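Hi,

Here is the structure I promised to pass on.

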Amino acid sequence: MSGTDPNRPTICFEDLEVGDFRKSRSRSVTRDEIVEFARQYDPQWFHSDPEAAKDSVFGEVVASGIHVLAMWRQLDHEINSDIDYVCGIGWDEMRLHRAIRSGDVIHVTSRIVKLIPSKSRDDRGTALTRYAVVLEDGTEAVTFTSINLVYTREGRRRD
């Protein structure tokens, strides 16, 4: 990919600042999508079987953690796709605080908490971003810190 590609994200490591905050649009979660996702990717009975899930601790089907992360990724891409990421390299402090249920309306927030220039490569730096999947009432259902490599301007020139 060329550094002059008009489709490439434009924000480089040097453009980021600690405290940068973004918020996605809201989206509703439906029972049908919970069940469909679970049947394909996480077929535990309390995710995939609405009748059996009535006897679970949740009393109904709830979205699997993997499904919630897929929804997070979709919403995050909408708000952070302008950042020129090399790649993600890990998540720290992942917590699933509350189940996501049918009818819940969620959005995603991101806040840059730390920026670390590379000591060995001038083409990238590391951005630590705190993410949350948030319910309408402000409850944080899922939180974690994402560790991402981001191209510097020098890295864009060389690419």
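Some ground rules before you dig in. This is a predicted model, so to speak of local features we need pLDDT of at least 70, and side-chain atom pairs count only at pLDDT 80 or more, while totals for chains, interfaces and linings use all residues. Residues are numbered from 1 along each chain as its sequence is written, and side-chain values use heavy atoms, with hydrogens and water left out.

**The overall picture**

You'll find five helices and six strands in the chain (DSSP runs numbered from the N terminus: H or I of at least four residues for helices, E of at least two for strands). Their order along the sequence is β-β-α-α-α-α-β-β-β-β-α. A box of roughly 55 × 30 × 25 Å, taken along the principal axes, holds the C-alpha atoms.

Of the 159 residues, 45% count as buried (under 20% relative accessible area with a 1.4 Å probe, protein chains only; over 50% is exposed, and in between is partly exposed). Take the contacts (heavy atoms within 4.5 Å) with a separation of 6 or more: residues 24 or more positions apart account for 68% of them.

**The strands**

Strands pair if DSSP finds at least two bridges between them. β4 and β5 run antiparallel and are joined by eleven bridges, and a hairpin leads from β4 to β5 through six residues. In that pair, I106 has L135 in β5 as its bridge partner.

β5 also runs antiparallel to β6, again with eleven bridges. Here Y131 stands opposite F144, and R124 stands opposite Y151. Their hairpin has four residues between the strands, and G138 in it takes a positive phi near 95°.

**The cores**

A nonpolar core is a set of buried Ala, Val, Leu, Ile, Met, Phe, Trp, Tyr and Cys residues joined through side-chain atoms within 4.5 Å. The largest one has 21 residues, and V68, I100, I106, V108 and V133 have the most contacts inside it. At least two residues each come from α1 (31-41), α4 (65-80), β4 (105-117), β5 (124-135) and β6 (140-151). The largest share, six residues, is supplied by α4. Apart from this core lies another, of seven residues, including F13, L16, I112 and A127.

Leaving out residues up to four places away in sequence, V108 touches R22, K23, S24, W72, L75, I79, Y131, A132 and V133.

Enjoy exploring!
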